[in-house]
Every structure is written in structure tokens, then in C-alpha cells.
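Please find below some notes for a colleague who is meeting this structure for the first time. They are arranged as numbered points, to be read with the model at hand.

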Amino acid sequence: LSSRSGLTHESHKKDVEQVYLRCSEGAIEWMYPTGALIVNLRPNTSPASYKHLTVCIKPFKDSAGANIYLEKTGELKLLVQDGDRSPSKVYCFGYDQGGLFIEATPQQDISRKITGFQYELMNKGIASDLHTVSAPCRPCSDTEVLLAVCTSDFVIRGSIQDVTNEAEEQESIIHVGVNKLYRQKSKVFQLTGESGNWRGQIKTLLECGVKPGDGDFLFTGRMHFGEARLGCAPRFKDFQRMYKEAKDKGLNPCEIGPD
């Protein structure tokens, strides 16, 4: 977490401060914003790989006091307007499209304002998986499922215990009971003390219309801003079929126990 305070620049309201961030994910918090802040993302990777990176930012729910722009060679493109209260909205752009320029808006009382957001840098392929514009709810093909098993941040066999719809955020939370945990990048799925069963939550778009149902599924997906986001999720019996067919032909991209 990188934190800055505008109060130290009270007498220089036109000051522009530079911030350099080396991590691939984190958060920035600007308390009492005055002047402007230039955020330079400089990940510890080869500059040659920068063109393959996507930057995503997710403003804090109560972020206020500044506009956030995408800046390249002096040109500004508004990303997040001060006062925009779109909950959970994520803004993504190519690393080579520019940097972040955060400009404080005139305030009567800056002591009540804090501008902040989480950020993530990721490979463009992963970013397109998370933000499929054309058909976010389209079922995955056999090939896509088998590839997702190899490359996803989490892969589990489980059932849908319940679905909570959040209309304001346009998201559904799938409450999953886990029967087999193949892989997880973060500890989203954990043992519950009461029953001794593994449980966890996966988020997806409300428009996909996920509902509780019988039977097991193979859930795959990515971690995004600390949350599990749903990728491919075929019925488990369908995954068993496609896995066996690919294995028999020697075409499965990676080994995973299907049972």
C-alpha cells in the first residue's frame, strides 16, 4: 500500500508529485488530495514484456476528491470521475496506453476526502479471460475447459449450495461446497469448523443467471482483486468425458485426476 497526504502540500496546490510502484499488485491511497499525482508502474520485469501487460484499477468504494486520468505524452483521457459511485467497477487498459494521472478536484474541506484504488498488472491473455466483452456467459468449448484446468488460479470439483445476487454491483456470489480441491492460488476455499467441509465463494456476472442446482461441477477461474472470479464451469460428468477423450488421443494439455 502506497500512501500520500496532500496536507504536506497545502501551500502548493499546483504541485505534481511522482510515485513509483514496483509491485505487480497493490493499492494506493491519497489522503486529503491537493495538486496532482503521477503514478508510475514499474514492475520488476523486463521492459520488453511491458507491451504484453494490462493494468486494471478498482477504486475504493468511498474514494473521493480527485479525477483519475490515463495520460500519454501530455494527453489526458478521463478514467474515473470524482464522485463516480459505480460499485466494484474495474477499469483496464494496456500498459503501453499510458500512465495514471490523478488530479485533485477543488474542495471546500479536503480533510474529508481520500482518493484510493487497488491495482493489478497482468498478462493481456489473462485480462481478456476476465473481461470477455463479446460473450461473458458463453459456455466454454472442450478445448477451453481443458486449457482452463491447466492455467486457472483455482480448480475444484464442487456443488452450488446457494447463489446470492447483488443487484447494485451486478454480480452473483456462488456459494460452493468443495468435494475435491485440485488447486488454488489463494486460500479462498477453506475448511469450515462446523462441518469439516471445504467451502468458498466465487463471483460472476449477474447477467449470467447462475442458479442453485443439483450435481457436481468443475469450477475454474482467476483471482482478481482478492476475489475468485468464475471461468469455465462444466458439469463434472462432462469434464470427465472430455478429459478421457483428450487423454486417449494424447491431446490433454496437462495431467489432472478426473475423479
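1. A disulfide is here a pair of cysteine sulfur atoms within 2.5 Å, and a search of the whole structure finds 4 of them. When the bonded cysteines of the chain are numbered in sequence order, the pairing reads 1-2, 3-6, 4-7, 5-8.

2. Some notes on the source come next. The model is a predicted one, in which local features need pLDDT of at least 70 and side-chain atom pairs count only at pLDDT 80 or more, while totals for chains, interfaces and linings use all residues. Residues are numbered from 1 along each chain as its sequence is written, and side-chain values use heavy atoms, with hydrogens and water left out.

3. Cysteine 56 and cysteine 92 form a disulfide with their sulfur atoms 2.0 Å apart, and with 105° about the S-S bond this link is right-handed. The pair connects distant parts of the chain, since cysteine 56 belongs to strand β5 (residues 53-59) and cysteine 92 to strand β8 (residues 91-94), 36 residues apart; helices (H or I, at least four residues) and strands (E, at least two) are DSSP runs, numbered from the N terminus. Cysteine 56 is buried at 0% relative accessibility, whereas cysteine 92, at 32%, is partly exposed; buried means under 20% relative accessible area, exposed over 50%, and partly exposed in between, with a 1.4 Å probe and protein chains only.

4. A second disulfide joins cysteine 140 to cysteine 232, with the sulfur atoms 2.0 Å apart, and its torsion about the S-S bond is about -90°, so the link is left-handed. It connects the loop between α1 (124-130) and α2, where cysteine 140 lies, with the loop between β16 and α3, where cysteine 232 lies, 92 residues apart. Cysteine 140 is partly exposed at 29% relative accessibility, while cysteine 232 is buried at 8%.

5. Cysteine 150 and cysteine 254 form a further disulfide, their sulfur atoms 2.1 Å apart, and a torsion of about -100° about the S-S bond makes this disulfide left-handed. Cysteine 150 sits in helix α2 and cysteine 254 in the segment after α3, 104 residues apart. Both are partly exposed, cysteine 150 with a relative accessible area of 24% and cysteine 254 with one of 22%.

6. Helix α2 deserves a point of its own. Which residues of α2 are buried? They include Val145, Leu146, Ala148 and Val149, and these cover an arc of only 155° around the axis, which puts them on the same side of α2; the arc is that of the directions from the helix axis to the C-beta atoms. The buried residues of α2 pack against β11 (154-166), β12, β15 and α3, where contact means heavy atoms within 4.5 Å.

7. The search of the whole structure also finds 13 salt bridges, each being a side-chain nitrogen of Lys or Arg within 4 Å of a carboxyl oxygen of Asp or Glu. One of them brings together the side chains of arginine 241 and aspartate 142, at 3.4 Å from N to O. Arginine 241 lies in helix α3 (residues 236-248) and aspartate 142 in helix α2 (residues 142-151), so the pair ties together parts that are 99 residues apart in sequence. Arginine 241 is partly exposed at 36% relative accessibility, and aspartate 142 is partly exposed at 31%.

8. Another salt bridge, between glutamate 171 and arginine 229, has an N to O distance of 2.6 Å. It links strand β12 (residues 171-184), which holds glutamate 171, with strand β16 (residues 227-230), which holds arginine 229, 58 residues apart. Glutamate 171 and arginine 229 are both buried, and they belong to a network of salt bridges that links Lys58, Glu171, Lys203, Glu227 and Arg229.

9. Threonine 204, in strand β14 (residues 198-205), is buried with a relative accessible area of 10%. Leaving aside neighbours within four places in sequence, threonine 204 is in contact with residues including Glu171 and Arg229. Between threonine 204 and glutamate 171 the C-alpha to C-alpha distance is 5.7 Å, although they are 33 residues apart in sequence.

10. Finally, an open sheet of 5 strands has the order β2-β4-β9-β6-β7, with mixed pairing; two strands pair if DSSP finds at least two bridges between them. Its edge strands are β2 (16-21) and β7 (75-80), each of which pairs on one side only. Strand β6 (residues 66-72) runs antiparallel to β7 over 5 bridges, and tyrosine 69 stands opposite leucine 78 in β7.
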